[in-house]
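Please consider the following structure with attention to how its secondary-structure elements pack against one another. The explanation begins with one pair of elements and then widens to the whole chain.

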Amino acid sequence: PELNRWIQLRGNIDLLKKLNGIGVKTADYLGSLVNVDTVAIDHHLRKLVNDAGVIAKDDAEVKRVIETAATLLGISRINIDRSIWRFMARKKPRRC
């Protein structure tokens, strides 16, 4: 519970990202581990957005697309993140 409260305080994510090796993805992932309603962009989420035909120039845009989808669907960001990740991790690569 303490990490959950700390990570949500204004400015603490920026402090976390100043640590060597901690970027946006890792900070968001740490937040998701303590039930912060966030999306941690990785290969699986990028690929789903790309497969859907959405052209996103960077991870920030991929994150906005997924967050918007969660809002429109009425589900939490953390649940859409986990659902996409599980779906894409089980998906078999297509053969050409």
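Helices α4 and α6 are roughly perpendicular to each other, a term that covers angles of 65 to 115 degrees. Their axes cross at roughly 80° and come within 9 Å; such axes are lines fitted to C-alpha atoms over the stretch in contact, with angles running from 0 to 180 degrees between N-to-C directions. Helices here are DSSP runs of H or I with at least four residues, strands are runs of E with at least two, and both are numbered from the N terminus. The model is predicted, and local features need pLDDT of at least 70, side-chain atom pairs count only at pLDDT 80 or more, and totals for chains, interfaces and linings use all residues. Residues are numbered from 1 along each chain as its sequence is written, and side-chain values use heavy atoms, with hydrogens and water left out.

On the α4 side, the contact (heavy atoms within 4.5 Å) with α6 involves His-44, Leu-45, Lys-47, Leu-48 and Asp-51, which meet Asp-81, Ile-84, Trp-85, Phe-87, Met-88 and Ala-89 of α6. By class, seven of these residues are nonpolar, one is polar and three are charged. Nonpolar here denotes Ala, Val, Leu, Ile, Met, Phe, Trp, Tyr, Cys and Pro, charged denotes Asp, Glu, Lys and Arg, and polar denotes the others, Gly among them.

Helix α4 (residues 43-51) also packs with α5 (residues 59-73), at an angle of about 70° and with the axes 10 Å apart. That angle makes α4 roughly perpendicular to α5. Here Leu-45, Arg-46 and Val-49 of α4 meet Asp-59, Val-62, Val-65 and Ile-66 of α5. This contact has five nonpolar, no polar and two charged residues.

Which residues of α4 are buried? They are His-44, Leu-45 and Val-49, where buried means under 20% relative accessible area and exposed over 50%, with a 1.4 Å probe and protein chains only. These residues cover an arc of only 130° around the axis, which puts them on the same side of α4; the arc is that of the directions from the helix axis to the C-beta atoms. The cover over them includes α5 and α6 (77-90). On the other side of α4, His-43 and Asn-50 are exposed.

The chain as a whole contains six helices and zero strands. Its C-alpha trace spans about 45 × 30 × 25 Å along the principal axes. Of its 96 residues, 30% count as buried.

How values were computed:
Angles under 35 degrees count as roughly parallel, over 145 as roughly antiparallel, 65 to 115 as roughly perpendicular and the rest as oblique.
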